[in-house]
Amino acid sequence: MPLRFYNTLSQKVEEFAPLDGHTVRVYTCGPTVWNFVHIGNLRTFTSQDILRRWLQYRGYKLMHVMNITDVDDRIIQQAAAAGQPIGEYTARFTQAFFEDTGKVRLQQPELVCKATDHIDDMVRLIGQLGENGCTYESDGSVYFRIAKFPAYGKLSHTHFAGMKAGARVDSDRYDKDDARDFVLWKAKKEGEHYWDTPLGQGRPGWHIECSAMAMRYLGETLDIHAGGVDLVFPHHENEIAQSEASTGKPFVRFWMHTEHLMVESQTMSKSLGNFYTLRDLLEKGYAPEAVRYLLASVPYRKQLNFTFDGLRSAATAIERLRNYELRLKTSKLPEGMSAGIQERTRKAQAQFEAALDDDLNTAEALGAVFEYIRDTNTALDGGEFLAGNREGALDLLERFDSIFDVLRPAVSEHGLQDGEIEALVEERAQAKKTRNFARADDIRRKLLDQGVVLEDTREGTRWKRK
Ligand code: AMP
Ligand code: ZN
């Protein structure tokens, strides 16, 4: 079966291939850098990382653009409260965003762009919409007249029949089921940051930034545009209106939306006391890989209920994977190759791939790998797993980890890289062989100081990070 994704626009699972056959042009709505990202945001960004990695696994090249929203109502308020210029205020949270997403191992998009570096592009786009008769001005602000775009509502599948003509909204974020002419350019307000432009003094609305940057870097028709479900309406609906009303072409082929993360079955909110950033979880002693695993383990179109039990289970699952890899690497195995095991490995890989091809079904992909681990652990116990089967099993783990990326512990925690540890373990084995026990003990102590514990078994020495 070919690669398939659910498309919010058609409300169907559709076969996916990039328009030009090899490079996938993706745009994702990035963070609004007014604060640290919370684990809900990270869920959406992690699902986009899985998407990236799967497209690469399937041999495609990527041109992925992500914006940084570094001007909006909240940023302006918070920066004013902190007595800082907005650029200084947002720089701190932009850096924190990359630190946090680096910790959960998100690949960097090919291009990250800031809204404030693209004001000219936005002004030009608004000008084009004006020429096409889709805008009007009121008190120095410019609005998009949605009555001029009959397809409005096609993404959120809503008929805005009761729409009041000319009802305007200035705020970027609103969640009423009610379409209104939305603001493209906001007139300068006293004391607020503004730009001097042909449209007058003011600043862009939130929606226009994504249309302007997406089309600047990816062309008029994108392969994929992604974000959290809360962005379907109005943000993405407005992006479609702005882009298509200016170019007359379809803006996006596939719209992909990640369901929300809930905490202990409730909406995450500061007032409920169940609001977490990645930093909160790391401070409680959880590993970033466990957070990544938990966020990635539920298919992106299902709501994810975050619980601390779930986080602990994620850590245990990673333990199992790492122990299995260690066993594979260090066990002394009988010579030969079992055709049955080879076939079992091939089947596990096929199941893993089929699951991810099916709209990124991460839960099934994990299921396939864990079932394989269970079966082959039994075969290892029974002596049916032979030396010639090792490579295939390690290759499967490698494939798994090219998507899930949890096998390697964070390096900074322990200093030593896997390869360095392996080398020392080998040197110690040689020292023991030559009865140089002082050197062997030295190495054991040195590794222990670095948090690495050795376990001598009949099949050789295994090592483990504490
Ligand atoms: P923002 O910084 O508010 O623009 O949000 C960044 C991304 O996180 C967007 O794609 C949002 O849709 C997404 N997002 C916000 N809250 C949640 C949540 N609770 N669960 C999953 N994604 C979320
Ligand atoms: Zn956006």
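These legends walk you through several close-up views of a predicted model.

View 1. Welcome to the metal site, where the zinc ion (ligand 2) is held by Cys-29 (SG), Cys-210 (SG) and His-235 (NE2). Along the sequence, their spacing reads C-x180-C-x24-H. Cys-210 belongs to helix H5 (residues 206-218) and His-235 to helix H6 (residues 232-247), so this pair, 25 residues apart, links distant parts of the chain. Cys-210 is buried, with a relative accessible area of 0%. His-235 is buried as well, at 1%.

View 2. Look for the buried residues of H3: Ile-86, Tyr-89, Thr-90, Phe-93, Thr-94, Ala-96, Phe-97, Asp-100 and Thr-101. They cover an arc of only 165° around the axis, which puts them on the same side of H3. Residues three or four places apart in an α-helix point the same way, because the helix has 3.6 residues a turn. On the other side of H3, Arg-92 and Gln-95 are exposed. Among the elements that cover the buried residues of H3 are helix H1 (39-57), strand E4 (61-68), helix H2 (73-82) and helix H7 (278-283). Just after H3 comes Arg-105, with a positive phi of about 65°.

**View 3. Phe-144 and the nonpolar cores.** The largest nonpolar core has 125 residues, and Phe-144 is among those with the most contacts inside it, together with Phe-5, Leu-55, Ile-224, Phe-306 and Leu-321. This core draws at least three residues from each of domain 1 (4-258) and domain 2 (266-404). A second, separate core of 10 residues includes Val-425, Ile-443, Leu-447 and Trp-463. Zooming in on Phe-144, you will find that the residues it touches include Leu-129, Cys-134, Phe-149, Phe-182, Leu-184 and Ala-241.

**View 4. Thr-8 in its loop.** Thr-8 sits in the loop between strand E1 (4-7) and strand E2 (12-15). Is Thr-8 buried or exposed? Its relative accessibility is 13%, so Thr-8 counts as buried, the cut-off for buried being under 20%. Residues touched by Thr-8 include Leu-155, His-157, Val-232, Trp-255, Met-256 and His-257. Phe-254 is 246 residues from Thr-8 along the chain, and the C-alpha atoms of the two are separated by 7.4 Å.

Terms used
Residues are numbered from 1 along each chain as its sequence is written. Chains are lettered from A and ligands numbered from 1 in the order in which they are written. This is a predicted model: local features need pLDDT of at least 70, side-chain atom pairs count only at pLDDT 80 or more; totals for chains, interfaces and linings use all residues. Side-chain values use heavy atoms; hydrogens and water are left out. Donors are N, O and S atoms within 2.8 Å of the metal (3.2 Å for Na, K and Ca); water is not among the atoms, so sites may look incomplete. Helices (H or I, at least four residues) and strands (E, at least two) are DSSP runs, numbered from the N terminus. Buried means under 20% relative accessible area, exposed over 50%, partly exposed in between (1.4 Å probe, protein chains only). The arc is that of the directions from the helix axis to the C-beta atoms. Contact means heavy atoms within 4.5 Å. A nonpolar core is a set of buried Ala, Val, Leu, Ile, Met, Phe, Trp, Tyr and Cys residues joined through side-chain atoms within 4.5 Å. Domain bounds come from an automatic or database domain assignment.
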